[in-house]
Amino acid sequence: MKIKTGKGTISLMVLLAIWSVSAIASLPGLAISPILGDLNKIFPEATDLEIQMLTSLPSLLIIPFVLLSGKLSVGRDNLKILMVGLSVFFLSGVACLFAKSMAWLIVISCILGIGAGMVIPLSTGLVVDYFTGDYRVRQLGLSSSINNLTLVLATVVTGYLANVDWHLPFLVYTLPGVSLVLSFFLKRRRSEPEPEQSIQRRHKMIDRRKLVELMLFYFFITFAVLVVTFYTAFLVDDYKIDSSFSGVLISLFFLAIMLPGLFIDNIIRLLKRNVNLVSLGLVCAGLLCVGIFRDKAMLVVGVLCAGFGYGVMQPVVYDKAATIAPPRSATLALSFVMAMNYMAVMVCPFIVDILRHIFGTHSDRFPFFFNAALVLAAAVFTFRRRDNFTLGLDESYYKN
């Protein structure tokens, strides 16, 4: 079976290898989430600082290594970087299964963050290398869907495994071993050069202004929807709803992010230059639904709207990042944009806490209302600037 790429064709095994890298990009931090509440029991000698380090240090290390991987990819063999990153990721995951102290778990998790950071920009960089034009947009959408679907499924699996033994959730960190095996198909079938008519060929270097705009926009939309994952559990508890329902809502949120990627090309042709405007409107409406209504059905509608809106914008941002750089620098441009995701994850709770202090409130609804107001302002600005590269959409995306 041959898969069209816009540059020629590739085999199904090469496509599966690319998809497998997309599938593992969101795994860091996942295995530890089901046992966070029990860490004091598992490691009675552990301090609160050590527990905080276990959750924050690996994420912190991902950011510089995402950027380093992007930098190393310029003019070099991406597959070597990928295989090194996958090897570090996989071996760290295996080591986590045998960790017997908090100190060792912190050290191993940090090394795992390094390996994951090297792999993450290549999860989209491979799509950019192997595909072009409409085929690339479609595959970036599928890559985003696979990433989020894996996140949902792995969350369910790790939660179950945590009930058996606290070591077992770390099995999800061995999945890079599958990608490592499949990466040999990538070595046998290298990507083709970008076609002469490609917009990337017009660039001699990365368009820095557009890159900064994309970074800021991606940081903003990620920060806006992160309140769903960080604060839904507190809100559900405040609404006197069964705490397990928060897990259902977060799973539905990630499923909603996944869904648009399956037919992102059709969404683009339908909404055209209003893609970001409509998506921001959905995010705003979703956040307001969660903040206003106590009814389970409306909470579900809220997280689905917020997730769907974000799921539309994410692959479009990735594709734009690829088009503002020459082919040799596309992964570097992507690494800067993708680093904004982890930056938003790191700073979101701190920013919300500062804002709560400024406004003198401890309400669990506040993050949803405040972010909805920010998104509404962004939507109004986007309506007025739909011809802007970052906020709008060029006709080349939907003219066919």
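This is a predicted model: local features need pLDDT of at least 70, side-chain atom pairs count only at pLDDT 80 or more; totals for chains, interfaces and linings use all residues.
Residues are numbered from 1 along each chain as its sequence is written, and side-chain values use heavy atoms, with hydrogens and water left out.

**The whole chain**

The chain has 14 helices and two strands. Helices (H or I, at least four residues) and strands (E, at least two) are DSSP runs, numbered from the N terminus. The radius of gyration is close to what the globule rule gives for 400 residues, so the chain is as compact as a globular protein of that length. That radius is taken over C-alpha atoms, and the rule is 2.2 Å times the number of residues to the power 0.38.

| Property | Value |
|---|---|
| Radius of gyration of the chain | 21 Å |
| Globule rule for 400 residues | 21 Å |
| Box filled by the C-alpha atoms, along the principal axes | roughly 60 × 50 × 35 Å |

Of the 400 residues, 54% count as buried, meaning under 20% relative accessible area (1.4 Å probe, protein chains only).

**Helix α7**

Helix α7 covers residues 176–188. Its 13 residues reach 19 Å from first C-alpha to last, close to the expected 18 Å. The expected span is 1.5 Å times one less than the number of residues. Buried residues in α7 include Pro176, Gly177 and Leu182. Their cover includes α1 (12–24), α4 (78–96) and α5 (102–130).

Technical notes:
Buried means under 20% relative accessible area, exposed over 50%, partly exposed in between (1.4 Å probe, protein chains only). Contact means heavy atoms within 4.5 Å.
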